[in-house]
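Welcome! Please take a moment to look over the sequence and the model, and then we can walk through a few parts of it together.

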Amino acid sequence: MNQLIEQLKQYGAVKLNEQLSKHTSFKIGGPAQYFVSVETLDGHVALMRYLDGVGIPYMILGGGSNMLASDQGFEGVVLHPAYQEIRREGSLIFADAGALTVSVARFSMKEQLTGFEWGVGVPGTIGGAVRGNAGAMGFDMSDSVERVFVYQNGEVRELSLGECEFGYRTSAFKVSGGVVLRVVLKLEPTEDTELLKHALEYLMYRNSTQPQGHASTGCIFQNPDTGRYREQLIEHFDKYSEKVQKFLSIGKISAGWLIEQAGLKGLQVGGALISDQHGNFIVNTGNATADDVRQLIAQIKTVVYEKFGIELEEEIYTF
Ligand SMILES: Cc1cc2nc3c(=O)[nH]c(=O)nc-3n(C[C@H](O)[C@H](O)[C@H](O)COP(=O)(O)OP(=O)(O)OC[C@H]3O[C@@H](n4cnc5c(N)ncnc54)[C@H](O)[C@@H]3O)c2cc1C
């Protein structure tokens, strides 16, 4: 064990039995046996090669803003990419995996590059954002990614946009694995001097629709596809209503709206509560456990399925 700690220390600060609740936006999660804040990209690669070689399990924790961590914690090594350089080359931005998405968005605006203003509202790291193809306000990562440096099967590879296989809140990294090391975004130079103002407008809109002041992990469920659930939507709701027409035109049904229609807002298990403000947010009222959240998720899925025949699927990563 001492030998492992000495190895880990070569790559960054090491903590033993670190509570994951300190590193997740939900403020939930038991102890990580080893928690390493990896300081450089090369060190991150070397450490993953070492761990792969000796067969020690590891996982990546970026900003911890899209995960439900087990109350039992994680046996193995939690790697937190703490390298976070952001730089510009022409209309490209190179951002290290550990850079905050918000910082990348701010940097792009400062550099008079447009296309990524929406990133100011997304918590977490750019590496996590690429893995989940994060998005907001009608945009997602696939609109800006030019290429991605990734660690896969012991090798560092450079994947083109097409090879990332982005889809709605998914990517090749989510489906087949791979650790994002660096992201290259292609943005548009602009003369617009009001980029920051547009970004603040996004933020104000978000803040008015999302619960403030409680720990959460953003949207719990993906928005179901109207391609799959058109019949159920029309059977259970007024086809001519503005809402249903909107869902049909964008191809997605708001999961939060379905949860609200099922009468579930305000439902609570232990310290986990479905937000009154946004049905797709579960908030930690102070002492929620992962188990409380899991039970609440199971209840939501059952009720929505029984009422509307629609299966909700989690957007968050759980372990
Ligand atoms: C208040 C709030 C609002 C939110 N709003 C939005 C929103 O508008 N749109 C949206 O899309 N999301 C939103 N989210 C969810 C979350 O912010 C995003 O999904 C974010 O991109 C996750 O990044 P992260 O670094 O926090 O990932 P983490 O939570 O740390 O990790 C999530 C998953 O990605 C993996 N991962 C992390 N880093 C890497 C890497 N470098 N390489 C490979 N895998 C990695 C982890 O292992 C885990 O499986 C919101 C969350 C909160 C709390």
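This is a predicted model: local features need pLDDT of at least 70, side-chain atom pairs count only at pLDDT 80 or more; totals for chains, interfaces and linings use all residues.

For Ile60, a polar backbone atom is 2.6 Å from an oxygen atom of the ligand. The backbone takes part at Ala129 too, where an N or O atom lies 3.4 Å from a ligand oxygen. How much of the ligand does the protein bury? Taken alone, the ligand exposes 970 Å², and the protein buries 92% of that.

Strand 13 also leads us to our next stop, strand 11. Six bridges join strand 11 to strand 13 (residues 179-186), and the two run antiparallel. To find this pairing in the model, look for Val145, which stands opposite Leu185 in strand 13. Strand 11 is also joined to strand 12 (residues 155-160), again by six bridges and in an antiparallel arrangement. Here Gln152 stands opposite Glu155 in strand 12. Strand 11 covers residues 145-152, and six of its eight residues are buried, so the strand is largely enclosed by the rest of the structure.

The turn from strand 11 to strand 12 deserves a look as well. This hairpin has two residues between the strands, and Asn153 takes a positive phi near 50 degrees there. Why point that out? Most residues other than glycine have a negative phi. Asn17, a residue other than glycine, also has a positive phi, near 50 degrees. You will find Asn17 in strand 1 (residues 12-19), and with a relative accessible area of 53% Asn17 is exposed. Another positive value belongs to Glu165, whose phi is near 45 degrees. Glu165 sits in the loop between strand 12 and helix 5 (172-176). Is Glu165 buried or exposed? At 53% relative accessibility, Glu165 counts as exposed, since the cut-off for that word is over 50%.

How values were computed: Residues are numbered from 1 along each chain as its sequence is written. Side-chain values use heavy atoms; hydrogens and water are left out. Buried means under 20% relative accessible area, exposed over 50%, partly exposed in between (1.4 Å probe, protein chains only). Helices (H or I, at least four residues) and strands (E, at least two) are DSSP runs, numbered from the N terminus. Two strands pair if DSSP finds at least two bridges between them. A polar contact is a pair of N or O atoms within 3.5 Å; within protein, one must be able to donate a hydrogen and the other to accept it, and residues adjacent in sequence count only if both atoms are side-chain atoms. Accessible areas come from the Shrake-Rupley method with a 1.4 Å probe; for residues, only the protein chains shown count as cover.
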